[in-house]
Amino acid sequence: MATVIAHIKNDHYKTAISAAKNSLIADEPISLGGKEEGFSPTELLLAGLGACTSITLRMYADRKSWKLTEVKVSLSLHTDKEKNITNIIRNVELTGDLSEEEKQKLLAIANKCPLHQVLTNPINIETSLV
């Protein structure tokens, strides 16, 4: 189980985020009243999916001893408020001496990364005051 703490004081909208021994800053862009001193919440969500995809592909290729030298994942998020749907566009670039069959298998494996599974299945968020 992952535990993350997000903490904001009076700064619009700079938020300190910590997990285990790691920390980073989230903020909103200047156009939304922030100072753009860190990733926006949407960027953090996409970054998590991109990292998970990259790690999953690296692990799979390593287990198969495939000659994957680099994975680059580019993501964007688009919300259609009228249809109440969010689309995440994920483009995966694979570098290395890979056959077309290996590339297609890695593309299929991208959909098996744990965060992809979380985002494409029902999610229940329980919120309480402490």
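Phi of S65 is near 60 degrees, a positive value in a residue other than glycine. A positive phi also occurs at E36, which is not glycine and has a value near 55 degrees; E36 lies in the loop between β3 (22–26) and α1 (41–64).

Because the model is predicted, local features were required to have pLDDT of at least 70 and side-chain atom pairs were counted only at pLDDT 80 or more, whereas totals for chains, interfaces and linings use all residues. Residues are numbered from 1 along each chain as its sequence is written, and side-chain values use heavy atoms, with hydrogens and water left out.

An open sheet is formed by 3 strands in the order β1-β2-β3, with antiparallel pairing; two strands are taken to pair if DSSP finds at least two bridges between them. Strands β1 and β3 stand at the edges with a single partner strand each, so one side of each is left without a neighbour in the sheet. From one strand to the next, the twist averages 25 degrees, the axes being lines fitted to C-alpha atoms (for helices over the stretch in contact) and the angles running from 0 to 180 degrees between N-to-C directions. The antiparallel pairing of β2 and β3 extends over 5 bridges, and within it A16 has I25 of β3 as its bridge partner. In the loop between β1 (5–8) and β2 (15–19), where Y13 lies, a cis peptide bond joins H12 and Y13, with omega about -15 degrees.

Strand β4 is joined to strand β5 (residues 85–97) by 13 bridges, and the two run antiparallel; in this pairing L68 stands opposite G96 in β5. The hairpin of β4 and β5 has 4 residues between the strands, and N84 there takes a positive phi near 55 degrees. D80, which lies in strand β4, is partly exposed at a relative accessible area of 27%. The side chain of D80 reaches the backbone nitrogen of K83 at 3.1 Å, a polar contact being a pair of N or O atoms within 3.5 Å; within protein, one atom must be able to donate a hydrogen and the other to accept it, and residues adjacent in sequence count only if both atoms are side-chain atoms. Between the C-alpha atoms of D80 and I125, which are 45 residues apart along the chain, the separation is 22 Å.

A search of the whole structure finds 3 salt bridges, each defined as a side-chain nitrogen of Lys or Arg within 4 Å of a carboxyl oxygen of Asp or Glu. D11 forms a salt bridge with K35, in which the closest N and O atoms are 3.5 Å apart. This pair links distant parts of the chain, as D11 is in the loop between β1 and β2 and K35 is in the loop between β3 and α1, 24 residues apart. D11 is partly exposed at 33% relative accessible area, and K35 is likewise partly exposed at 46%. The side chains of K14 and E37 meet in a salt bridge with an N to O distance of 3.3 Å, linking the loop between β1 and β2, which holds K14, to the loop between β3 and α1, which holds E37, across 23 residues. K14 has a relative accessible area of 31% and is partly exposed, while E37 counts as partly exposed at 41%. In the salt bridge of D62 and R58, the N to O distance is 2.9 Å; these residues are 4 residues apart in helix α1 and are therefore separated by about one helical turn.

On the surface, L45, I88, L115, V118, L119, I123 and I125 form a nonpolar patch with about 580 Å² of accessible area together. Patches are made of residues with over 30% relative accessible area and no salt bridge, like charges being joined within 9 Å and nonpolar side chains (Val, Leu, Ile, Met, Phe, Trp, Tyr) within 5 Å, and accessible areas come from the Shrake-Rupley method with a 1.4 Å probe, only the protein chains shown counting as cover for residues. Helix α3 (residues 114–119) gives the most to the nonpolar patch, with 3 residues. L115 is found in helix α3 and is partly exposed, with a relative accessible area of 32%.

Technical notes. Buried < 20%, exposed > 50% of the residue type's maximum accessible area, 1.4 Å probe, protein only.
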